[in-house]
Amino acid sequence: MKEIIEKHLVPRHRFIYGFADMRGMLPEKYKSFSYGISIARKLDDNIVDELQDGPTLRYLQHYKEVNVQLSEITGKICDSLKMKNIISLPVVPTIAIGSEQYREYLASLSYEISHKMIATRAGLGWIGKTDLLVTKEFGPRVRLVSILLEKNPGNPGEPVEKSRCGKCNICVLKCPAKAATGLNWDITIHRDVFFNAFNCREKCAELAWRLLNVNERICGLCVSVCPIGRR
């Protein structure tokens, strides 16, 4: 299966991926899928480094382009798996605005399938203080996509179950929404205890309108200031 996945991760150095054991962790309607693939695509450092004062149009465009790329990659991987009689289900990077799933998302600002949960179960990283996946290789400078599998792909990663941020509070102090409490994540703590996603979303909309004159929700400051993954 590794060969099938890596064939589509081009250029290879921009990606990391892993397998996750998801048994008993997904909603009932996905009960036939017990495993997952998490894929993280590195964002462009030059673009992320420009975010010291807030979002830029280059970052917004890059963000959207990477989402499209990840959607295309998962589709190709699933097609290749199907040819090997392996049943899979792609989980897109983001859901369409106006869809029923989007309306459900607005109520809690969370998805029924969490890319970050699959990524931590696959051992790719941990959840930082501003609710980002932080990877050892790229820090939080990544976008995620997931694929669900019915059968064990072999060699699931070692799940990461607690934060490795320690006492670092750079993202907490730099967050313009003051959305983070500074508490470290672990698998027993609900997101809302350490991070206010609604405050974040509101500030992202304000910044995007004021700085870019667009009706989007995007910031990126916490991505750019994290010392892990910076050049």
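Tutor: Happy to! The accessible surface of the protein chain comes to about 12,100 Å², and carbon and sulfur atoms account for 52% of that area. Please keep in mind that this is a predicted model. Buried residues make up 48% of the 231 residues in the chain. For 231 residues, a compact globule would have a radius of gyration near 17 Å, and the chain has 17 Å, so the two agree. Along its principal axes, the C-alpha trace spans about 50 × 40 × 35 Å. Of the contacts with a separation of 6 or more, 70% are between residues 24 or more positions apart. The chain has 9 helices and 6 strands.

Now to the strand, E2, which covers residues 35–42. Is E2 buried or exposed? Of its 8 residues, 8 are buried, so E2 is largely enclosed by the rest of the structure. In a regular strand, side chains alternate between the two faces of the sheet. It is worth checking each face of E2 in turn. On one side sit Tyr35, Ile37, Ile39 and Arg41, and on the other Gly36, Ser38, Ala40 and Lys42; all of these are buried, and both faces are covered. Notice that Arg41 and Lys42 are on that buried list too.

Next, look at the strands that pair with E2. Strand E1 (residues 15–21) runs antiparallel to E2, and 7 bridges join them. To find your place in this pairing, go to Ile16, whose bridge partner in E2 is Ala40. Strand E6 (residues 142–149) also pairs with E2 in the antiparallel sense, over 8 bridges.

The structure holds 2 aromatic pairs. One of them is formed by Tyr17 and Phe19, in an edge-to-face arrangement with 6.0 Å centre to centre and 75° between the planes. Both Tyr17 and Phe19 are buried.

One last stop is helix H1 (residues 2–8), where you will find His8. Because its relative accessible area is 17%, under the 20% cut-off, His8 counts as buried. The His8 side chain makes a polar contact with the side chain of Ser80 at 3.0 Å. Leaving aside residues up to four places away in sequence, His8 touches Ile73, Lys76, Ile77 and Ser80.

Methods. Residues numbered from 1 in each chain as written. Predicted model: local features only at pLDDT ≥ 70, side-chain atom pairs only at ≥ 80, totals over all residues. Heavy atoms only, no water. Buried < 20%, exposed > 50% of the residue type's maximum accessible area, 1.4 Å probe, protein only. Helix = DSSP H or I, 4+ residues; strand = E, 2+ residues; numbered from the N terminus. Pairing = 2+ DSSP bridges. Phe/Tyr/Trp six-rings, centres within 6.5 Å; stacked < 30°, edge-to-face > 60°. Rg over C-alpha atoms; globule rule 2.2 N^0.38 Å. Contact = heavy atoms within 4.5 Å. Areas by Shrake-Rupley, 256 points an atom, 1.4 Å probe, with all protein chains shown as cover. Polar contact = N/O pair within 3.5 Å; in protein donor to acceptor, adjacent residues only side chain to side chain.
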